[in-house]
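Here is a chain to look at.

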Amino acid sequence: MKSKDTGKLGFGTKAIHAGQSPEPRTGAVMVPIFQTSTFAQESPGKHTGYEYARTDNPTRTAYQECVASLENGKYALAFASGLATTDTLLHTLKSGDHVICADDVYGGTFRLFDKVLSRFNLEFTFMDLSDPHAVEKAIKPSTKMLWIESPTNPTLKIFDIAALTKLARSKSVLSVVDNTFMSSYFQKPLDLGADVVIHSITKYMNGHSDVVGGVLITNDTAIYEQAKFLQNAVGAIPAPMDCFLVMRGLKTLHVRMKQHQENAIAVAQFLSKHPKIEKVLYPGLESHPQHALAKKQMSGYGGMISFYVKGGLVEARAVLEKVRIFTLAESLGGVESLIEHPAIMTHASVPPENRKKLGISDNLIRISVGIEDASDLIADLNQAIG
Ligand code: P1T
């Protein structure tokens with residue numbers, strides 16, 4: 001089904017059908033893995049629409065159409081990782097341009113901006129985006145992009161996407177939202193005014209911890225054309241097998257997200273009451289400082305929880321070593337539950353003084369609540385916390 005024809009359909013129907021129809025020659029119901037690097041031409045320049053697989057591949061086309069439809073966007077482009085997506089999108093800028101970026105972003109995004117792209121004379125300001133007036137003050141004539149991540153990784157701060165994207169638009173600044181933590185199911189940044197949405201598809205969108213990938217989605221034809229040019233010119237594309245796997249994962253996104261959330265609420269409530277836990281960060285808890293905003297701009301609260309254990313590294317390390325069902329590993333968004341230590345693992349590339357300011361301390365633990373039985377997850381955390 002062409003993604004443009006799926007507009008009025010429900011999310012689950014789009015997840016299963018958008019961009020996908022039986023293969024015309026054989027009737028194969030699943031889009032085949034077109035494991036080919038090139039496509040035959042009848043005469044020079046006369047081809048089926050596919051010529052070389054970096055430029056386009058039918059498995060990737062189907063996957064891109066499906067993601068565009070899920071995010072309520074016109075166009076989507078897929079890349080080899082979340083960071084390859086970010087890097088390619090940043091190639092639309094030029095030397096001297098300024099980017100305002102949320103301070104509490106995924107450590108790898110910070111590293112790409114601070115350690116790699118800054119060498120090409122792109123200027124970055126990392127700041128708390130909670131106050132749109134402060135953001136407005138930080139905008140200068142060279143500001144070309146506002147990079148929003150909400151909820152943030154790992155402290156789950158929520159930024160007002162509608163207010164920030166409106167401000168960006170009024171100043172001709174391109175707004176980008178990293179929607180990885182919510183997935184297309186719980187948050188629709190394009191509907192809230194964003195110019196571009198990106199995902200690390202590695203997480204909830206694929207959902208099975210077996211693919212690294214990324215995607216960007218936009219409604220803007222000019223941005224799409226630039227990014228499409230760069231997808232081919234830079235070449236950080238996903239393999240056909242990975243496109244197939246992500247499409248398979250997407251078919252259950254709505255079912256998985258509901259279960260991630262149900263389990264996360266139960267786990268967050270358990271942690272909030274535990275005497276050895278100092279504080280729980282989960283947007284679905286009324287104690288979360290931006291709970292009302294989360295309720296307004298998201299249709300759910302997702303499956304990510306961060307919490308502070310009482311004590312320091314010794315106490316945190318004990319929990320991380322004792323879990324049996326949770327796996328101690330980086331990443332998130334898979335059907336299995338993961339646990340990690342942001343300061344040592346995912347956010348080690350953030351300088352210690354920034355980590356301190358952001359609350360990424362040695363007693364902070366982040367969990368990605370999977371879709372196992374919630375009672376088993378709670379029992380596991382209970383025995384590990386002791
Ligand atoms: O790993 P990759 O697919 O390149 O995606 C990078 C990325 C981008 N944005 C967010 C919000 C992310 O969380 C990530 C990757 N994050 C982890 C690996 C992690 O454990 O937090």
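Q: Why is aspartate 56 called buried?
A: In this predicted model, aspartate 56 has a relative accessibility of 19%. Buried means under 20%, so aspartate 56 counts as buried.

Q: What makes arginine 60 buried?
A: Its relative accessible area is 1%. The cut-off is under 20%, so arginine 60 is buried.

Q: What makes aspartate 56 and arginine 60 a salt bridge?
A: Their side chains meet at 4.0 Å, N to O. The definition asks for a nitrogen within 4 Å of a carboxyl oxygen. The pair is therefore a salt bridge.

Q: Which residues are joined with Asp56 into one network?
A: Arg60 and Lys228, through salt bridges that share partners. The structure holds eleven salt bridges.

Q: How do you know that aspartate 103 and lysine 157 form a salt bridge?
A: The N to O distance is 3.2 Å. The limit is within 4 Å, so the pair qualifies. Aspartate 103 and lysine 157 are both buried.

Q: Why is this pair said to tie together parts of the chain?
A: Aspartate 103 lies in the loop between β2 (98-102) and α4 (107-116). Lysine 157 lies in the loop between β4 (143-149) and α6 (161-170). The two parts are 54 residues apart in sequence, so the pair ties them together.

Q: Are glutamate 123 and lysine 140 buried, partly exposed or exposed?
A: Glutamate 123 has 35% relative accessibility, and lysine 140 has 32%. Buried is under 20% and exposed is over 50%. Both values fall in between, so both residues count as partly exposed. Their side chains meet in a salt bridge at 2.9 Å, N to O.

Q: Why is the pair of tyrosine 75 and tyrosine 224 called stacked?
A: The ring centres are 4.1 Å apart and the planes are at 10°. Pairing needs centres within 6.5 Å, and stacking needs planes under 30 degrees apart. So the pair is stacked. Tyrosine 75 is in strand β1 (residues 75-79) and tyrosine 224 in helix α8 (residues 221-234), 149 residues apart.

Q: What makes the pair of tyrosine 185 and phenylalanine 186 tilted?
A: The centres are 5.0 Å apart, with 55° between the planes. Stacked is under 30 degrees and edge-to-face over 60.

Q: Why do tyrosine 185 and phenylalanine 186 count as buried?
A: Tyrosine 185 is at 18% relative accessibility, and phenylalanine 186 is at 4%. Buried means under 20%, so both are buried.

Key
Residues are numbered from 1 along each chain as its sequence is written. This is a predicted model: local features need pLDDT of at least 70, side-chain atom pairs count only at pLDDT 80 or more; totals for chains, interfaces and linings use all residues. Side-chain values use heavy atoms; hydrogens and water are left out. Rings of Phe, Tyr and Trp (its six-membered ring) pair if their centres lie within 6.5 Å; planes under 30 degrees apart count as stacked, over 60 as edge-to-face and the rest as tilted. Helices (H or I, at least four residues) and strands (E, at least two) are DSSP runs, numbered from the N terminus. Buried means under 20% relative accessible area, exposed over 50%, partly exposed in between (1.4 Å probe, protein chains only).
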